[in-house]
Amino acid sequence: MEYKKLAEFYEEVSGTTKRLEKIEILSKFLKNINESEKDILYLLLGDIYPEYDERRIGISNQLAIKAISKSTGTEEKQVVIKWKSIGDLGKVAEKLKKQKRQSTLHSQILTTEKVLTNLRKLPELVGKGTVSKKLALITELLTSASPLESLYLIRTLIGDLRIGVKESTIKGAMVSAFFPEKEKKEVSKKIQDAIDKSNDIALVFEIAKKGKLKNLEKVLLEVGKPIKAMLAQKAKTIADGFKALGKPCVIEYKYDGFRLIIHKKDDKIILFTRSLENVTKQFPEVVDYIKKHVKGKSFILDSEAVGYDKKTKEYKPFQDISQRIRRKYDIEKLQNELPIEINVFDIIYYNGKSLLHESFEKRTALIRKILRNQKYKIIHAKQIITGSEKKAEKFYKNALKDNQEGIMMKNLKATYNPGSRVGHMLKVKPEERDLDLVIVGAEYGTGKRSGWMSSFILACKDGKEFLEIGKMGTGIKEKQEQGTTFEELTKKLTPLIIKEKGKTVQVKPKIIVSITYQEIQKSPNYNSGFALRFPRFTALRPDKPLSEITSLEEIKKDFEKQKRNYRFG
Ligand code: AMP
């Protein structure tokens, strides 16, 4: 297919924010894609491979700027100036291309195949000296591209397509394009199931295009191919949790670690994170635990890995062990210094059979049967089954005392829905607390947030001084209708810049914000000696004078109080 057609589709579908209209436009577009062109489906989501595949385009803004500069004959500096004023590199490329258009007459026709071929070469190039090769691949595309094609090429390259098409939009469009109206409900479920199991939208498209419901059922869960994790909703209190789930239900510790989805097929064990990244190499001990302590030829387990102190055996917060996920060297040393315990809380597949449609009651019973608990290595997540609020409260307090985040309440009859934030699994965590702090620094964002400051350094006061206590990026919005935006904050802070280094700036303390947080921790990273966990913006406080922001004294008090709550609460 000509890339022009795809770019025109992107433009059309971006023109509406209404879901149903998007589905209609996409449905028409899907009818024009042949089965042999099914990989275009990846491009619709800004990708080049199925979701389960780890290869991503991964081009930095800097390289995109170079490519725009080269393909339009504009100085890099000029591209950057335009970027700062427009805030969207795609639009910059479109504009510069339009200006250049008058002077170039014939450019080659760009096809989606050619775009995919070049983009797919990018992740294969790694290490030193590959920048110029990448640049050549991108420039080749941009040189043949029209202004509109350039806009979407650049956005695809930097991972910021912004057309408002999600997997669920594609699902809706496939249903309406290839199946009769009366089968809609059933088809929709089957397509979702096929997407959940394969994590491959192009494969599902290929099957759906033939319009045979039965064929969708043939898509199976495959051990070794990552599956999206089921996500939880929130309940304010245990009573609310029971109201939503019914009694009795399963209550488990909500461990403060990171998610690990563990696949085993014969002797091969693969570990995936919540974002489907393969991290097997980083955790050789987990592979060993699975081999020794879990029975079964093949399975997929869902679990949380939690760090603990080697000496005291107390559980540690996630930050303390987060480096274990990324670090690819010194693994043995790290494994020894930062040991983890695997807490298995679900099972999705066992000995050749998918358990996605089985009840949680059955799944959790199976874990009990196949897993031999080994404290500080691998255990079945701590759990009670109860309908009593009193017992649940006691369990919740124990979880907090054990340094965990709270509890999860789970409906006994519920199935496993990959990738969905479901109402049958609820988290209960302590209330967040409020502080008023001043912004003393910021960092410019990338991708969708390029051109804006997107992360803010907060400080409390200590006498006349301001001491840093954390970095905040959540709670601020991208669109105006929803609340205070990054753009608004950037505008307020820009005139206050004192120092600039790379993407970070230091600003005069003036802008005061109210934030909530979940926990205060001791930290050497900030000069206050403390760090906030999960700080979230709630409001600008132009009404507050600097003298009234939270003091270090108050932070210390909150920290002590919280410690007492953990111990004795
Ligand atoms: P949140 O990230 O706050 O939405 O909470 C959901 C996360 O809690 C999951 O993605 C898991 O990583 C984690 N978690 C910890 N313990 C459990 C548990 N017992 N059951 C399910 N998820 C858990």
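Q: How far is a nitrogen atom of the ligand from an N or O atom in the side chain of Glu252?
A: This is a predicted model, where local features need pLDDT of at least 70, side-chain atom pairs count only at pLDDT 80 or more, and totals for chains, interfaces and linings use all residues. Residues are numbered from 1 along each chain as its sequence is written, and side-chain values use heavy atoms, leaving out hydrogens and water. A polar contact is a pair of N or O atoms within 3.5 Å. For Glu252 and the ligand nitrogen, the distance is 2.9 Å.

Q: Which strand supplies the largest share of the shell around the ligand?
A: The shell has 13 residues (a heavy atom within 4 Å of the ligand). Strands here are DSSP E runs of at least two residues, numbered from the N terminus. Strand 2, strand 10 and strand 11 each supply at least two shell residues. The largest share, 3 residues, comes from strand 2.

Q: What is the order of the strands in the open sheet?
A: Two strands pair if DSSP finds at least two bridges between them. Strand 1 and strand 11 pair in the parallel sense over 4 bridges, and the edge strands are strand 1 and strand 9. With mixed pairing, the 5 strands have the order 1-11-10-2-9.

Technical notes
A polar contact is a pair of N or O atoms within 3.5 Å; within protein, one must be able to donate a hydrogen and the other to accept it, and residues adjacent in sequence count only if both atoms are side-chain atoms.
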